[in-house]
Amino acid sequence: EGKRMTYANPFRFYLSISFLFFIIWGAIYNFNDVNFNDSDDLKELNNDGFVISKDGVKIEGDAALDSVFSNENSQSLALDSLIARSILKDSIKSYKDLYYSEEQLDTLTFFYGLDKRFTLYKRFHTDTKIRKPKEGLDSLNHIVSRYHKWIYKKAVDVNTIGDNLGKMIAFFFNQLPFVIFFFLPVFALFVKLLYIRRKFTYTDHLIFLFHTQTMFFVVYGVGIIIDEIFDINYATLILTFLFLFYLYKALRTFYNQRRLKTIVKFFILNSIFFILAFIGAIFAFAISFATY
């Protein structure tokens, strides 16, 4: 009807709503202060040695080591003692026992050499507490390149992940609007295959997905705001089921197919969506960790 400009661009509309949603999400669920090393269930190696607990009694230092090894086959061994024993066996070596020179690393295959380099840097940081990549590489007499500094930094991140996991998760969530934006075009390919007999173009399917995803952000955003204001935890769940009903009605209205066929495709598409989302989340988190 010549009125295209009176409607919101579905792609810009999605980005606007998604950014607003993740701002609200970040304000309500703050991951920055999460520190998994504060848990009483996990003990770490400190200057005084291992701290474990057995039968509710804390044991420190050399006594902890004796307790771990003497109770290796005991069924009553506490969970954190098992964790300590696992860490202990790995911590017997120092970085010097794992050392590879640059010349030795050059003789290894790429992935095997990367594994040895990364393991060495992890152990070196554990033993020396040197965080700066250049200082660590100089101490190891390794070449100070941008790539090697990146590997060293990631090794330090792995060692201190308990302290940084909250910030890393927050960083990951900040990237999600872009991740989903590029994820939906892939999902649209599966939708097109499922509705291959319908006379819709790929762009038609893509626009439909952007609209439904935008609707999800609106509904879920309202849900978490209601939960936060009234201090409840079921508004989000109710509105999630409401969105699923909306999605079914949207599929039935847009593609104009019978109820049974729409229900079957509804479950197929949701299964594909969650599988792709799981793979995409792992991939996106790996990228977030690499660029953090």
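# Reading a predicted model, feature by feature

Tutor: Leu237 counts as exposed, at 51% relative accessibility. Keep in mind that this is a predicted model.

Student: Why does Leu237 count as exposed?

Tutor: The cut-off for exposed is over 50%. Leu237 has 51%, so it counts as exposed.

Student: Where does Leu237 lie?

Tutor: In helix α10, which covers residues 235-255. Leu237 and Ile224 are 13 residues apart along the chain, and their C-alpha atoms are separated by 9.4 Å.

Student: Is Pro177 buried or exposed?

Tutor: Buried means under 20%. Pro177 has a relative accessible area of 1%, so it is buried. Its place is in helix α8, residues 161-194.

Student: Which residues does Pro177 touch, leaving out those up to four places away in sequence?

Tutor: Tyr14, Ser18, Phe19 and Phe22. Take Phe19. It is 158 residues from Pro177 along the chain, yet their C-alpha atoms are separated by 6.6 Å.

Student: What share of contacts in the chain join residues at least 24 apart?

Tutor: Among contacts between residues at least 6 apart in sequence, the share is 63%. For burial, the chain has 292 residues, and 35% of them count as buried.

Student: How many helices and strands does the chain have?

Tutor: Eleven helices and two strands. Read the elements from the N terminus on: α-β-β-α-α-α-α-α-α-α-α-α-α.

Student: At what angle do helices α5 and α6 pack?

Tutor: At about 105°, with their axes 11 Å apart. Angles of 65 to 115 degrees count as roughly perpendicular. That makes α5 roughly perpendicular to α6. Helix α5 covers residues 110-128, and α6 covers residues 133-140.

Student: Which residues meet where α5 contacts α6?

Tutor: From α5 come Leu120, Tyr121 and Phe124. From α6 come Gly136, Leu137, Ser139 and Leu140. By class, this contact has five nonpolar residues, two polar ones and no charged ones.

Student: Now the aromatic rings. What describes a pair?

Tutor: A pair of aromatic rings is described by the distance of the centres and the angle of the planes. A search of the whole structure finds 32 aromatic pairs. One of them joins Phe110 and Phe111. Their rings are 5.0 Å centre to centre, with 80° between the planes.

Student: Is the pair of Phe110 and Phe111 stacked or edge-to-face?

Tutor: Planes over 60 degrees apart count as edge-to-face. At 80°, this pair is edge-to-face. Both residues are exposed: Phe110 has a relative accessible area of 54%, and Phe111 has 66%.

Student: Why is the pair of Phe216 and Tyr220 stacked?

Tutor: Planes under 30 degrees apart count as stacked. Here the planes are at 20°, so the pair is stacked. The ring centres of Phe216 and Tyr220 are 5.4 Å apart.

Student: Where do Phe216 and Tyr220 lie?

Tutor: Both are in helix α9, residues 202-230. They are four residues apart, which is about one turn of the helix. Phe216 is partly exposed, at 23%. Tyr220 is partly exposed too, at 22%.

Student: Which residue lies over the face of Tyr195?

Tutor: Lys265. Find the ring of Tyr195, then look for Lys265 at 4.2 Å from the ring centre.

Note on methods: Residues numbered from 1 in each chain as written. Predicted model: local features only at pLDDT ≥ 70, side-chain atom pairs only at ≥ 80, totals over all residues. Heavy atoms only, no water. Phe/Tyr/Trp six-rings, centres within 6.5 Å; stacked < 30°, edge-to-face > 60°. Buried < 20%, exposed > 50% of the residue type's maximum accessible area, 1.4 Å probe, protein only. Lys NZ or Arg CZ within 6 Å of the ring centre and 35° of its normal. Axes fitted to C-alpha atoms, helices over the stretch in contact; angles between N-to-C directions. Parallel < 35°, antiparallel > 145°, perpendicular 65-115°, else oblique. Contact = heavy atoms within 4.5 Å. Nonpolar A, V, L, I, M, F, W, Y, C, P; charged D, E, K, R; others polar.
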